[in-house]
Amino acid sequence: MNVQQLITLNIEIEGLLRVYQQRGADEALDQARLKATQLCQLLEAPISLESCGEAEAELPQPPTSLESCGEAEAELPQPEAPISPESCGEAEAELPQPAPAPTAEAPQAAPARPRMPIRNFFTINDKYFFRREVFDGDEQAFEDTLDLFAAMSSFDEAKEYIYDDLMLDPQNQDVKSFMEIIESYFK
């Protein structure tokens, strides 16, 4: 067994559980259970360290068995059960605290609400389409641009970057569609 396979499965499980937590998609939870079973099966095999750059060696057999994985799988929240801060352990401590009420002395700007990640504004089809049509198939340029937008504070900054720095045509329908999604991110 390859350590990289374990890491990949772990990441996939985490992603599926986050999708379930954020969207309540029951299919994501079902897929997470399948991936967890695969992970348990891989843990039964000897671990290869060649992906770590060391000579191949076998580590002692982990005490985890398929039966204990079945127990761990049973502990996953069921699709009917709502996700609550209590079920997320320490996540409750990370919840933002309400802002104190503004005083009459000095007007305060409304506190900025946390934004949803920019990538959530794009469907899978959108990502493929805009990579191909707006960024000439350059996946890295697309990803870097989204990272830059996430760090920006306004849609005006994003427009300036797209039209002035990247010199994309503001009349191009594909660019207009892309910018509509970006504008929705900043609202």
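Visitor: Which exposed residues are carried by the face of α1 turned away from its buried side?

Guide: This is a predicted model, in which local features need pLDDT of at least 70 and side-chain atom pairs count only at pLDDT 80 or more, while totals for chains, interfaces and linings use all residues. Residues are numbered from 1 along each chain as its sequence is written, and side-chain values use heavy atoms, with hydrogens and water left out. Helices are DSSP runs (H or I, at least four residues; strands are E, at least two) numbered from the N terminus, and buried means under 20% relative accessible area, exposed over 50% and partly exposed in between, with a 1.4 Å probe and protein chains only. On the face of α1 turned away from its buried side, the exposed residues are I11, Q22 and R23.

Visitor: What arc around the axis do the buried residues of α1 cover?

Guide: The buried residues of α1 are V3, L6, L9, I13, L16 and Y20, and what covers them includes α2. The arc is taken from the directions from the helix axis to the C-beta atoms. These residues lie on the same side of α1 because they cover an arc of only 155°.

Visitor: How far apart are the end C-alpha atoms of helix α1?

Guide: The expected span of a helix is 1.5 Å times one less than its number of residues. Helix α1 (residues 3-23) has 21 residues and should therefore span 30 Å, and this agrees with the separation of its end C-alpha atoms, which is 30 Å.

Visitor: Which residues is F122 in contact with, leaving aside its neighbours within four places in sequence?

Guide: Contact here means heavy atoms within 4.5 Å. With those sequence neighbours set aside, the partners of F122 are K127, F130, L146, F178, I181 and I182.

Visitor: Which residue meets the side chain of D30 in a salt bridge?

Guide: A salt bridge is a side-chain nitrogen of Lys or Arg within 4 Å of a carboxyl oxygen of Asp or Glu, and the structure holds six of them. D30 is partly exposed at 39% relative accessible area. The residue that D30 meets, at 3.5 Å from N to O, is R33.

Visitor: Which residues are linked with R119 in a network of salt bridges?

Guide: R119 and E143 meet in a salt bridge of 2.8 Å, N to O, and this pair links distant parts of the chain, with R119 in the loop between α3 (66-74) and α4 and E143 in helix α5, 24 residues apart. R119 is partly exposed at 27% relative accessible area, whereas E143 is buried at 19%. The residues linked with R119 in the network are R131, E143 and D147.
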